[in-house]
Amino acid sequence: MRRLFVAGLVAVFCVGLTAPAQATFGTVLPSLSRNLVSYYDFEHPVRDDKALEQDSGRSGTALQLMNGGADMRVRDGAFWRSRTSLQLKQVNPTTAGNDDWKAGLYSETGVPSLRAFNGARQASIMGWVKMTGQNPAPNSNSANPDDFYGAIGLAGVLSGDSNGHAVRALLELIGVDGELKLVALARRIDGGESQTFAATEPWQKLLPQNEWVFLAATFDFDTGAMALYRNGKPLAGKYVVAGDPWKLEGEPEPDLASATDPRGIKIGGSYPQNTREGNACNCRMDSLMFLDRVAKPWEVHLQYHWMNG
């Protein structure tokens with residue numbers, strides 16, 4: 001009954017709204033909507049090119065669905081109001097190439113529509129993830145059949161000097177102390193050191209096979225604080241790099257990210273310029289959100305229940 005009531009309200013209020021506005025109405029917590037730089041629900045292809053996904057956030061940054069195009073949109077919504085999600089996968093595990101299904105965009109001169117992350121004080125990444133195959137994937141760039149990628153690519157905003165791998169803010173699985181861990185990773189200064197906040201629990205427990213999970217990562221470039229969440233609840237973890245990798249000590253204040261436009265977004269792997277395969281993810285993603293401030297713990301909690309209610 002509750003779902004029918006909510007669905008009726010959404011239908012009434014969505015009348016007359018554009019498709020991007022309809023995408024966020026009812027699925028994004030109102031307190032987060034003004035800071036929503038980019039939002040991809042993978043239900044809004046660009047009219048003349050279905051291999052592009054409309055951005056329902058304020059930046060209007062269209063996303064390229066690489067190597068699989070429109071076929072990457074699959075009928076498997078992460079929550080009750082979602083119809084489709086994005087399938088990501090490794091296509092040829094034994095062949096070096098760049099045919100893995102991933103998404104993103106890249107520009108060596110920076111992406112002006114992502115300027116909200118230029119000199120940003122904070123950022124957040126949120127979205128749904130479902131593991132659907134072998135992870136980590138075999139390293140197709142290696143001749144050794146027992147060699148696997150050292151990371152599983154999820155979603156990130158590139159730095160202003162990125163080669164397609166380096167990031168300003170990232171939600172991913174990487175190796176920490178010899179074990180693969182779910183992490184929030186960020187680099188405040190282009191070309192500088194990154195800091196990593198790694199979840200304590202095994203990643204297989206946090207992301208079980210064939211189960212939709214809502215993840216969030218938050219980044220405060222001024223204080224150095226980072227956090228991870230799963231299904232609306234904070235995760236225990238630790239900072240990996242000792243000292244002051246972000247160079248926060250001393251003037252000037254506040255500390256901000258580099259004053260450069262990000263070179264793009266990467267989803268499901270590195271190198272969104274599609275020049276090589278790296279850190280492929282055999283998974284699905286839905287309703288990815290990129291914000292230019294830290295989502296508060298209560299907002300992450302409510303956002304999960306707002307979508308999943």
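The side chain of Thr-200 reaches the backbone nitrogen of Gly-237 at 3.4 Å, a polar contact in the sense of a pair of N or O atoms within 3.5 Å; within protein, one atom must be able to donate a hydrogen and the other to accept it, and residues adjacent in sequence count only if both atoms are side-chain atoms. The model is a predicted one, in which local features need pLDDT of at least 70 and side-chain atom pairs count only at pLDDT 80 or more, whereas totals for chains, interfaces and linings use all residues. Residues are numbered from 1 along each chain as its sequence is written, and side-chain values use heavy atoms, with hydrogens and water left out.

Thr-200 lies in the loop between strand S12 and helix H4 (203-206); helices (H or I, at least four residues) and strands (E, at least two) are DSSP runs, numbered from the N terminus. With a relative accessible area of 49%, Thr-200 is partly exposed, where buried means under 20%, exposed over 50% and partly exposed in between (1.4 Å probe, protein chains only). Apart from neighbours within four places in sequence, Thr-200 is in contact (heavy atoms within 4.5 Å) with Lys-181, Ala-236 and Gly-237. Arg-58 is 142 residues from Thr-200 in sequence and 34 Å away in space, C-alpha to C-alpha.

Ser-194 is found in S12 (residues 194-199) and counts as buried at 19% relative accessibility. When neighbours within four places in sequence are left aside, the contacts of Ser-194 are Leu-185, Ala-186, Arg-187, Val-241, Pro-245 and Trp-246.

S12 belongs to an open sheet of 10 strands with antiparallel pairing, in the order S2-S3-S4-S7-S17-S9-S10-S11-S12-S16. Strand S2 (45-46) and S16 stand at the edges with a single partner strand each, so one side of each is left without a neighbour in the sheet. Two strands are taken to pair if DSSP finds at least two bridges between them. S2 and strand S3 (residues 49-53) run antiparallel and are joined by two bridges, and the bridge partner of Pro-45 in S3 is Glu-53.

Arg-263 lies in the loop between strand S16 (237-239) and strand S17 (264-267). This arginine is buried, with a relative accessible area of 18%. Not counting residues up to four places away in sequence, Arg-263 touches residues including Leu-105, Tyr-106, Ser-107, Glu-108, Leu-158, Ser-159 and Asp-161. The side chains of Arg-263 and Tyr-106 are joined by a polar contact of 3.3 Å. Arg-263 and Ser-159, 104 residues apart in sequence, are 6.2 Å apart in space, C-alpha to C-alpha.

Strand S13 (residues 213-220) is mostly covered, with eight of its eight residues buried. Val-213, Leu-215, Ala-217 and Phe-219 point one way from S13, while Phe-214, Ala-216, Thr-218 and Asp-220 point the other way. S13 runs antiparallel to strand S8 (residues 122-131), to which eight bridges join it; the bridge partner of Gln-122 in S13 is Asp-220. S13 also pairs with strand S14 (residues 226-230) in the antiparallel sense over five bridges, and Tyr-229 is the bridge partner of Ala-216 in S14. The hairpin of S13 and S14 has five residues between the strands, and Gly-224 there takes a positive phi near 85°.

Aromatic rings were paired by a distance rule: rings of Phe, Tyr and Trp (its six-membered ring) pair if their centres lie within 6.5 Å, with planes under 30 degrees apart counted as stacked, over 60 as edge-to-face and the rest as tilted. By this rule the count comes to eight aromatic pairs. Tyr-40 and Phe-290 form an edge-to-face pair, 6.4 Å centre to centre with 70° between the planes. Tyr-40 lies in strand S1 (residues 36-40) and Phe-290 in strand S18 (residues 283-291), so the pair ties together parts that are 250 residues apart in sequence. Tyr-40 is buried at 0% relative accessibility, and Phe-290 is buried with a relative accessible area of 1%. Phe-79, Trp-128, Phe-214 and Tyr-304 are linked by ring pairs into a cluster.

The structure holds one disulfide (a pair of cysteine sulfur atoms within 2.5 Å). It joins Cys-281 to Cys-283, S to S 2.3 Å. The torsion about the S-S bond of Cys-281 and Cys-283 is about 135°, so the disulfide is right-handed. Both Cys-281 and Cys-283 are buried.
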